[in-house]
Amino acid sequence: MQFDDKNALRDVPQNIIIENRSRMSVSGVSDVENFDENSVVLYTNRGLLTVKGTGIHIERLSLETGELSLEGTIDGVEYSEAETGGGFWSRLFR
């Protein structure tokens, strides 16, 4: 299932699974805003999602299926409203 239509992505349930604060799986991901070993900022079908921690690295990302897996020490997860400006590449080429 591809998420070319933003309305189709909005209708997909979002799941977040955190295992022992060291592994995390997220569905409903449409883009990655930015990431480093201390945080990952994701555009999801439910808003902007920020994951904070230490030693974080993205293990798997599929924008076709909207799924992301990461590893590291997870200290917090926070939602906020997504900006309408798009992802990293959209802002870079304005």
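Here are a few friendly notes on a predicted model, going from its core to its surface.

1. The largest nonpolar core has 12 residues. Its members are Met24, Val26, Val29, Val32, Val40, Leu42, Leu49, Val51, Ile56, Leu68, Leu70 and Ile74. At least two residues of this core come from each of β2 (23–27), β3 (29–36), β4 (39–44), β5 (47–62) and β6.

2. Val51, one of the core residues, is worth a look in the viewer. Leaving aside residues up to four places away in sequence, Val51 touches Met24, Asn38, Ser39, Val40, Ile56, Ile74 and Gly76.

3. Next, please find Thr44, which sits in strand β4. Thr44 counts as buried because its relative accessibility is 9%, and the cut-off for buried is under 20%. Its side chain makes a polar contact with the side chain of Gln14, at 3.4 Å. A polar atom of the Thr44 side chain also lies 2.6 Å from the backbone oxygen of Gly47.

4. What else does Thr44 touch, not counting residues up to four places away in sequence? Besides Gln14, the contacts of Thr44 are Gly28, Val29, Ser30, Leu49 and Tyr79.

5. Together with Ile16, Ile18 and Val77, Tyr79 makes a nonpolar surface patch of about 310 Å². Strands β1 (16–19) and β6 (67–80) each supply at least two residues of this patch.

6. Finally, Ile16 of the patch belongs to strand β1. With a relative accessible area of 32%, Ile16 is partly exposed.

Conventions:
Residues are numbered from 1 along each chain as its sequence is written. This is a predicted model: local features need pLDDT of at least 70, side-chain atom pairs count only at pLDDT 80 or more; totals for chains, interfaces and linings use all residues. Side-chain values use heavy atoms; hydrogens and water are left out. Patches are made of residues with over 30% relative accessible area and no salt bridge: like charges are joined within 9 Å, nonpolar side chains (Val, Leu, Ile, Met, Phe, Trp, Tyr) within 5 Å. Accessible areas come from the Shrake-Rupley method with a 1.4 Å probe; for residues, only the protein chains shown count as cover. A salt bridge is a side-chain nitrogen of Lys or Arg within 4 Å of a carboxyl oxygen of Asp or Glu. Helices (H or I, at least four residues) and strands (E, at least two) are DSSP runs, numbered from the N terminus. Buried means under 20% relative accessible area, exposed over 50%, partly exposed in between (1.4 Å probe, protein chains only). A nonpolar core is a set of buried Ala, Val, Leu, Ile, Met, Phe, Trp, Tyr and Cys residues joined through side-chain atoms within 4.5 Å. Contact means heavy atoms within 4.5 Å. A polar contact is a pair of N or O atoms within 3.5 Å; within protein, one must be able to donate a hydrogen and the other to accept it, and residues adjacent in sequence count only if both atoms are side-chain atoms.
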